[in-house]
Amino acid sequence: MCALGPGQGLCGFVCFLAPRRFHHSLTNNNRWIRERSHESYAKNYSVVFPYDEPLAGRNMRKDPLHVELLRQGCVFQERHGWERPGWFNPQSEAPILDYDFYGAYGHRSHEDYAYSRLLSDEYTFDFPPHHKIIRNECLTCRNALALFDMSYFGKFYLVGPEARKAADWLFTADVRKAPGATVYTCMLNKRGGVESDLTVSPIEPGSQSTALAPSFKGDGYYLAIGGAVAQHNWCHITTALQDGKFRCRLIDQSEELGMISVQGPFSRTVLQEVLDTDLSNEAFPFSTHKLVKAAGCTARAMRLSFVGEMGWELHVPKAHCVRVYRAVMEAGAKHGITNAGYRAIDSLSIEKGYRHWHADLRPDDTPLEAGLAFTCKLKSNSPFLGREAVEAQKATGIFRRLVCFTIDEKVPMFGLEAIWRNNQVVGHVRRADFGHTINKTIAYGYIRDPDGGPVSLEYVKSGEYALERMGIAYPAKAHTRSPFDPDNKRVKGIY
């Protein structure tokens with residue numbers, strides 16, 4: 001009887017979190033379950049290196065550009081079943097082979113396995129051997145342009161008679177905009193913690209249903225969400241819709257649409273050859289979207305950036321993705337376009353101060369603590385999920401704050417390093433990467449006042465900081481604005 005209570009609690013915990021963590025295409029697949037279970041056991045006592053990837057349960061979810069990018073040396077990462085581009089190896093292809101169970105159970109181990117060898121090369125807590133390749137991807141994006149395949153993103157539609165009412169409740173920002181606008185927003189839990197950050201784009205109702213425009217009456221919104229947390233978002237939204245009894249539908253088109261992001265100073269010049277619409281600042285300002293023709297194919301173009309550059313995302317039906325991709329690469333060849341992956345995105349985005357949900361944003365972090373108060377419609381009277389908790393925190397003060405740090409010493413950091421302020425530990429690093437443009441290591445972490453007081457901007461500015469890596473404390477500088485382009489000129493096309 002003593003174990004009954006904890007057992008019930010554990011059961012409830014698993015039943016609540018498992019559907020949010022894993023996509024049904026994985027949990028319903030015996031091969032994925034068998035392989036991942038074995039590898040988890042086989043590597044149970046292995047050192048966890050920062051850039052390691054699983055060899056089991058791979059190639060479960062491939063986007064429309066998978067084969068095209070593989071031929072160009074793409075080294076893939078696995079995120080929730082999706083194969084997404086990590087970085088591009090200029091030497092050769094690195095296909096992911098069937099799982100060999102590390103030679104166990106009568107399986108023959110792969111010989112000369114290029115993908116596994118590339119992973120092994122990065123088993124280090126120093127800068128990885130492919131650091132210069134990723135640096136080139138980053139700097140080409142900053143100085144010319146890069147193409148990012150972000151097709152693994154979650155792509156949902158929220159539509160129906162009460163979609164606007166549901167959107168008002170779900171999203172912290174005011175999304176009551178005309179079709180054509182795109183809004184960056186958060187979704188919160190009742191404690192005011194951030195369950196998601198995403199973009200929401202109002203769309204026109206239609207009668208003919210396609211992947212780019214579902215058939216609906218009433219109001220509609222297109223939601224673009226990081227692929228690694230898409231399932232978590234789906235569960236959060238559907239739970240809120242059920243609890244509120246909203247008369248609307250949530251439609252998942254993630255598998256039907258690809259997402260090609262073209263970013264950099266020459267993105268407008270190149271895309272103007274591919275798209276049939278005026279891309280000037282006046283005709284297509286930042287944070288807007290429209291249906292266009294891309295290489296003769298209908299696509300939704302969105303002027304957004306997750307790397308801090310002028311650029312557009314092209315949301316393309318999967319049947320046309322390769323055609324659009326090739327057209328962009330052909331038009332960009334004379335301007336030095338390159339393929340780039342998520343290792344580059346991690347570096348570019350941390351330079352710009354863009355948040356990553358699961359790292360510097362979690363369900364126990366609030367928008368006020370994370371520097372995202374601007375996403376909350378607190379000046380309006382519109383209720384939203386978590387508003388009361390955010391208002392209560394605003395009234396009592398912020399006792400924990402996310403801060404950006406840079407160090408001049410050329411050493412890598414990966415997260416969990418201690419943050420020292422005036423010779424006292426005040427927190428730990430949540431996320432870190434090397435910023436190739438500013439040529440410094442950048443880290444983000446939440447800090448507290450050891451005396452229990454509020455953490456104001458003045459408190460942040462007044463301290464002397466150090467970040468401790470493997471027992472060595474490196475002097476650090478705290479920033480209250482992003483260390484790269486703090487005035488947001490580049491995303492607006494001002495170079």
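Contact here means heavy atoms within 4.5 Å. The model is predicted, so local features need pLDDT of at least 70 and side-chain atom pairs count only at pLDDT 80 or more, while totals for chains, interfaces and linings use all residues. Residues are numbered from 1 along each chain as its sequence is written, and side-chain values use heavy atoms, with hydrogens and water left out.

Leaving aside residues up to four places away in sequence, L275 touches V292, K293, A294, A301 and L314. L275 also belongs to the largest nonpolar core, a set of 62 residues in which F148, L275, L314 and V328 touch the most other members. Such a core consists of buried Ala, Val, Leu, Ile, Met, Phe, Trp, Tyr and Cys residues joined through side-chain atoms within 4.5 Å. Buried means under 20% relative accessible area, exposed over 50%, and partly exposed in between, with a 1.4 Å probe and protein chains only. A second, separate core of 43 residues includes F156, F171, A370 and V390.

Helices (H or I, at least four residues) and strands (E, at least two) are DSSP runs, numbered from the N terminus. After α12 comes G397, with a positive phi near 110°.

Next come the spaces inside the model. Rolling a probe the size of a water molecule over the atoms shows where empty space is left. On a 1 Å grid over the protein atoms alone, a cavity is a set of points where a 1.4 Å probe fits but cannot get out, and a pocket is an open set with protein on both sides within 12 Å along at least five of seven lines; lining residues have an atom within 4 Å of a point. Grid points are joined across faces, edges and corners, and a volume is the space filled by probe spheres set on the points.

By this rule there are 2 cavities of 30 Å³ or more. The largest cavity holds about 130 Å³ of space, and of its 13 lining residues, Y51, P128, H131, D433 and F434 are the closest to its centre. At least two lining residues each come from α6 (131-143), α11 (342-352) and β16 (424-435). The second largest cavity, with about 40 Å³ of space, is lined by F148, M150, S261, Q263, F306, V307 and I345. This lining has 5 nonpolar, 2 polar and no charged residues. In this count, Ala, Val, Leu, Ile, Met, Phe, Trp, Tyr, Cys and Pro are nonpolar, Asp, Glu, Lys and Arg are charged, and the others, Gly among them, are polar.

The second largest pocket has a volume of about 220 Å³. Among its 16 lining residues, H23, R61, F156, Q231 and D252 are the closest to its centre. Helix α8 gives the most to this lining, with 3 residues, and the lining as a whole divides into 6 nonpolar, 7 polar and 3 charged residues.
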